[in-house]
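Here is a short report on how one protein chain is packed. Look at the sequence and the model, then read on.

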Amino acid sequence: MNEPFGHPRPHGEPVIVDCPPAEKMESDFRGNDGLRTDWTREEITVLFDLPFLDLLFQAQQAHRRSHAPNEVQLSTLLSIKTGGCPEDCGYCSQSAFAKSGLKAEKLMDVDAVLVAAAEAKASGSGRFCMGAAWREPKDRDMDKICAMVSGVKAMGLETCMTLGMLSEPQAERLAEAGLDYYNHNLDSSPEYYAEVITTRTYQERLDTLERVRSAGMSVCCGGIVGMGETRQDRIGFLHTLATLPAHPESVPINALVPIRGTALGDRLIEEQNTRIDDIEFVRTVAVARITMPRSMVRLSAGRESMSETTQALCFLAGANSIFTGDKLLTAGNAGAGADAALFEKLGLVPMTSEEPARVAAQ
Ligand code: SF4
């Protein structure tokens, strides 16, 4: 069996002297009288403005109160239906509006998805995420989708899907099929959102998140930075996430990979504004960690173009989840071999602990 990340360290084994064992951390957060969902934009601005080292110190302290410090969750993402999406997300090569040359494909067969899930499990992933380039799933596709969920779940993997907007009955069917997580990103601040997407509203996204919650699934919700937004927008984006009725259990933070042929990619390449400053990216991760202390903060797209040092700073700032594999939907990813080498260098191990936000919700 291919085990690129070596053998996970037993749960809770202390490696750093001031890190309490995981059992202690668990009881601490269970005894906690709840998480703040009343952050103000002013407070988040103050965090962003902290001296970098103070910010990282605070983020690392917040991280250690709820998470095993050297564990990083590994997930694999598979595109189960690529291209031809009717939405106009300006960053996305799968949009029918993009001139990226990406061909629209049909929904994959259940068996092919299960083969990919088995490979992901063999490579050390604990979660298998499936993404479809849809505005929303059609009811006629739901049987196939649910069969994918229950099949992947039966392998002992956690399941996550991102299929666009959901109706209430669709959310309930997915929950019944055993879907653990539903991903639906807010992408940016409410103010900057219309610069990026015009075919669905911010409120429609919030409504889908609400349906996912009501159906009893965990929420994966984050966004993308480096889309030409200002720091105020990054503040507004994290403020929206941290003031949802409950923090998303998983918060992916993507750094835009500008793609030629997409509206945003062409614009940013033209402006020679092709990537967010690394330190500003790390700051964004740190503020996410402080404001949503129990959530899994996930480094997603854009990681392949980050140096090892920047990734290490992101882990120090509280990121504790990554996608592995060579492809992230259609964009490049760091690749399992490079990740295994980085884990070795940093003394990181694949996560074996429970996710604190989900334990607390039980
Ligand atoms: S991000 Fe998702 S919804 Fe937007 S165009 Fe791409 S596939 Fe469609």
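## Helix 2 against helix 9

Helix 2 (residues 41-49) packs on helix 9 at an angle of about 120°, and their axes are 9 Å apart. Helices (H or I, at least four residues) and strands (E, at least two) are DSSP runs, numbered from the N terminus. Axes are lines fitted to C-alpha atoms, for helices over the stretch in contact, and angles run from 0 to 180 degrees between N-to-C directions. The angle makes helix 2 oblique to helix 9. Angles under 35 degrees count as roughly parallel, over 145 as roughly antiparallel, 65 to 115 as roughly perpendicular and the rest as oblique.

Helix 2 brings Arg-41, Ile-44, Thr-45 and Phe-48 to the contact, and helix 9 brings Arg-231, Ile-235, Gly-236, Leu-238 and His-239. Two residues are in contact if their C-beta atoms, placed from the backbone, lie within 7 Å.

## About the model

This is a predicted model: local features need pLDDT of at least 70, side-chain atom pairs count only at pLDDT 80 or more, and totals for chains, interfaces and linings use all residues. Residues are numbered from 1 along each chain as its sequence is written.

The chain has 14 helices and 12 strands. Of its 362 residues, 48% are buried. Buried means 20 or more other C-beta atoms within 10 Å of the residue's own; exposed means 12 or fewer, and partly exposed lies in between, with C-beta atoms placed from the backbone.

## Helix 9 against helix 11

Helix 9 (residues 231-242) also packs with helix 11, at an angle of about 25° and with axes 10 Å apart. The two helices are therefore roughly parallel to each other. Arg-234, Leu-238 and Ala-242 of helix 9 meet Thr-284, Val-287, Ala-288 and Thr-291 of helix 11.

## The core

The largest nonpolar core holds 88 residues. Such a core is a set of buried Ala, Val, Leu, Ile, Met, Phe, Trp, Tyr and Cys residues joined through C-beta atoms within 7 Å. Tyr-182, Val-285, Ala-286 and Ala-317 have the most contacts inside this core. Helix 11 (residues 278-291) gives the most to the core, with 7 residues.

Leaving aside neighbours within four places in sequence, Ala-286 touches Leu-55, Leu-56, Ala-59, Ala-317 and Gly-318.

## A buried loop residue

Ser-300 sits in the loop between strand 8 (296-299) and helix 12 (308-316). Is Ser-300 buried or exposed? Ser-300 is buried, because 25 other C-beta atoms lie within 10 Å.
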